[in-house]
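Biologist: I am new to this structure and would like to go through it step by step. Could you put it on the screen first?

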Amino acid sequence: MHLELAGLDILKKLQIDKKDNEDIYLFKDNKEKIVGLSKIITLNEDNYLEFLIIEKYQNKGYGKILLEITLNILKNNGFHEVYLDINKKNYKAISIISHFNGELLSTVGNQSKYIIFI
């Protein structure tokens with residue numbers, strides 16, 4: 001799969017150390033520079049999402065685009081929600097999750113668990 005949205009390309013499913021219950025997506029800009037990645041992990045019918053934007057690309061809107069693309073991938077595969085575990089001091093990630101109406105479920109120690117309904 002090759003998608004493009006707002007200047008970001010996604011190359012589906014990296015095969016580096018891929019496990020059966022994980023899908024990893026690498027995001028590149030139009031200059032072929034890696035901007036970030038997302039990883040969907042399926043455990044017992046629940047989907048967990050991890051995402052990362054490389055520091056020099058942060059605060060440029062890439063996080064919202066990356067999350068939007070990843071949520072669309074989940075939706076197109078029949079999923080209705082995804083869970084995210086975020087460090088409670090990662091205000092950038094929390095802001096992005098909030099943009100997609102993410103709901104805080106719990107906080108234990110430094111980790112906060114969110115859900116986004118798709």
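Biologist: What percentage of the residues of the protein chain count as buried?
Modeller: This is a predicted model. A residue counts as buried under 20% relative accessible area. Of the 118 residues of the protein chain, the buried share is 38%.

Biologist: What is the mean pLDDT of the protein chain?
Modeller: In the chain, 84% of the residues reach a pLDDT of 70 or more. Over residues 1-6 the pLDDT is below 50, though the model has 15 contacts for this stretch beyond near neighbours in sequence. Residues 11-16 also stay under 50, with 16 contacts beyond four places in sequence. For the protein chain, the mean pLDDT is 85.

Biologist: Which pattern does the protein chain follow along the sequence?
Modeller: The secondary structure comes to two helices and eight strands. Read in sequence order, these give β-β-β-β-β-α-β-α-β-β.

Biologist: How many bridges pair strand S4 with strand S5?
Modeller: S4 covers residues 34-43 and S5 covers residues 46-53. They form a hairpin with two residues between them, and Asn 44 in the turn has a positive phi of about 50°. Among the facing residues, Ile 40 has Leu 49 as its bridge partner, and Ile 41 stands opposite Tyr 48. The pairing is antiparallel, and the number of bridges is eight.

Biologist: Which residue takes a positive phi in the hairpin of S3 and S4?
Modeller: S3 and S4 run antiparallel and are joined by seven bridges. Across this pairing, Tyr 25 stands opposite Ser 38 in S4. The hairpin has four residues between the strands, and the one with a positive phi, near 65°, is Glu 32.

Biologist: What distance does helix H1 reach from its first C-alpha to its last?
Modeller: H1 covers residues 62-76, which is 15 residues. Just after H1, Gly 78 takes a positive phi of about 90°. At 1.5 Å a residue the expected span is 21 Å, and the helix comes close to this, reaching 21 Å.

Biologist: Which element supplies the largest share of the largest nonpolar core?
Modeller: This core has 26 residues, and Leu 67, Leu 71, Val 82, Leu 84, Ile 86 and Ile 116 touch the most other members. S3, S4, S5, H1, S6, H2 and S8 each supply at least two residues. The buried residues of H1 include Ile 65, Leu 66, Ile 69 and Ile 73. The largest share, eight residues, comes from H1.

Biologist: Which residues does Leu 67 touch, not counting those up to four places away in sequence?
Modeller: Leu 67 is one of the buried residues of H1. Leu 67 is also among the core residues that touch the most other members. With residues up to four places away set aside, Leu 67 touches Leu 49, Ile 96, Ile 97, Phe 100 and Ile 116.

How values were computed: Residues numbered from 1 in each chain as written. Predicted model: local features only at pLDDT ≥ 70, side-chain atom pairs only at ≥ 80, totals over all residues. Heavy atoms only, no water. Expected span 1.5 Å × (residues − 1). Buried < 20%, exposed > 50% of the residue type's maximum accessible area, 1.4 Å probe, protein only. Pairing = 2+ DSSP bridges. pLDDT = per-residue confidence, 0-100. Contact = heavy atoms within 4.5 Å. Core = buried A, V, L, I, M, F, W, Y, C linked by side-chain atoms within 4.5 Å.
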